[in-house]
Amino acid sequence: VVGVILAVRWLALGYGVRTPSSWARRLARRACRFRLVVRAPVVVTLAVLSCLVLAYDSAMPHKRRLQPHIMIVPWRYCTHFWTRDWLRFFAYSVSHKNLTHLTGNFSSILLIGPLLEQTYGSWRLLRIIVVTVVLAGVLSSVLFNTALIGASVIVFLFLILGSSVACHMGVPEGGSPGGRSKQEVPVSFAGVLVLTFGREIVLALKSDGSVSHFSHAVGGLIGG
């Protein structure tokens, strides 16, 4: 898209080629009004890193792939924790099984993430993401015997956290003594939290290990 815009602009401005009609000039003027901006650096960086990791793993043979070295494994297999295994608890969220797995997660992250980052700020959202990813990874490694990769824990974190953006906290109550404020929680938010958290807990108990519903529940709980 950027290349097409630049090509149209190059033709319209007459650098070497003169356009015979004025429609290309008008199109170039309209196209040049748009520019790419990054308003959610944390979310965009997470998406770019995930795409780079997937592209690298797809191009390399199995012995040189990053996924076996950064995915969450059961705790008893972390034999080099103080040297490199601790990186798994941060890096597993940028590793995905295939393109379908990647697009399924980031279609939600890129949709909800920029709104959350503009609402809470980049550093606060980054701290929330790091705490959620590390806690879900540690609990999954200690409690389960399956591997864990992907940013689905961030998806459920964003889903629940996004539903709380519309909550107006600290609205003063007219009849409260001493001018104290009462925190309001919408029924819709409580319903989403209970339904999502309860569903993932039930699926975690019935799961065959192919999907980590427990990490989804952790992300939803922290988001709530």
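1. A definition to start us off: rings of Phe, Tyr and Trp (its six-membered ring) pair if their centres lie within 6.5 Å, with planes under 30 degrees apart counted as stacked, over 60 as edge-to-face and the rest as tilted. By that rule the structure holds 1 aromatic pair. The ring centres of Trp86 and Phe90 are 6.1 Å apart and their planes stand at 85 degrees, so this pair is edge-to-face. For cover, buried means under 20% relative accessible area, exposed over 50%, and partly exposed in between (1.4 Å probe, protein chains only). Trp86 is partly exposed at 36% relative accessibility, and Phe90 is partly exposed as well, at 42%.

2. A word on the basis of this note. This is a predicted model, in which local features need pLDDT of at least 70 and side-chain atom pairs count only at pLDDT 80 or more, while totals for chains, interfaces and linings use all residues. Residues are numbered from 1 along each chain as its sequence is written, and side-chain values use heavy atoms, with hydrogens and water left out.

3. Now the confidence. pLDDT is the predictor's confidence in each residue, from 0 to 100. Its mean over the chain is 77, and 73% of the residues reach 70 or more. Helix H3 (residues 41-59) has the highest confidence, at 92, and strand S1 (residues 171-172) the lowest, at a mean of 46. Over residues 168-177 pLDDT stays under 50, and the model has 12 contacts beyond four places in sequence for them; contact means heavy atoms within 4.5 Å. Where pLDDT is low, the predicted coordinates should not be read in detail.

4. On the overall layout, the chain has 10 helices and 2 strands, in the order α-α-α-α-α-α-α-α-β-β-α-α. Helices (H or I, at least four residues) and strands (E, at least two) are DSSP runs, numbered from the N terminus. Of the 224 residues, 33% count as buried. Among contacts with a separation of 6 or more, 68% are between residues 24 or more positions apart.

5. H3 deserves a look. Its 19 residues should span 27 Å at 1.5 Å a residue, and its end C-alpha atoms are 27 Å apart, which agrees; the expected span is 1.5 Å times one less than the number of residues. Val42, Val43, Leu46, Ala47, Ser50, Val53, Leu54 and Asp57 are buried in H3. They cover an arc of only 135 degrees around the axis, which puts them on the same side of H3; the arc is that of the directions from the helix axis to the C-beta atoms. The face turned away from this buried side carries the exposed residues Leu52 and Ala59. Cover for the buried residues of H3 includes helix H4 (67-70), helix H6 (99-120), helix H7 (122-143) and H8.

6. H8 (residues 152-163) reaches 17 Å from its first C-alpha to its last, close to the expected 16 Å. This helix is mostly covered, with 9 of its 12 residues buried, among them Val153, Phe156 and Phe158.

7. Which residues does Ser215 touch, leaving aside its neighbours within four places in sequence? Ser215 is in contact with Ala136, Leu148 and Val153. Ser215 lies in helix H10 (residues 213-223) and counts as buried, at 1% relative accessibility. In H10, 9 of the 11 residues are buried, so this helix is largely enclosed by the rest of the structure. Its buried residues include His213, Phe214, His216 and Gly223.
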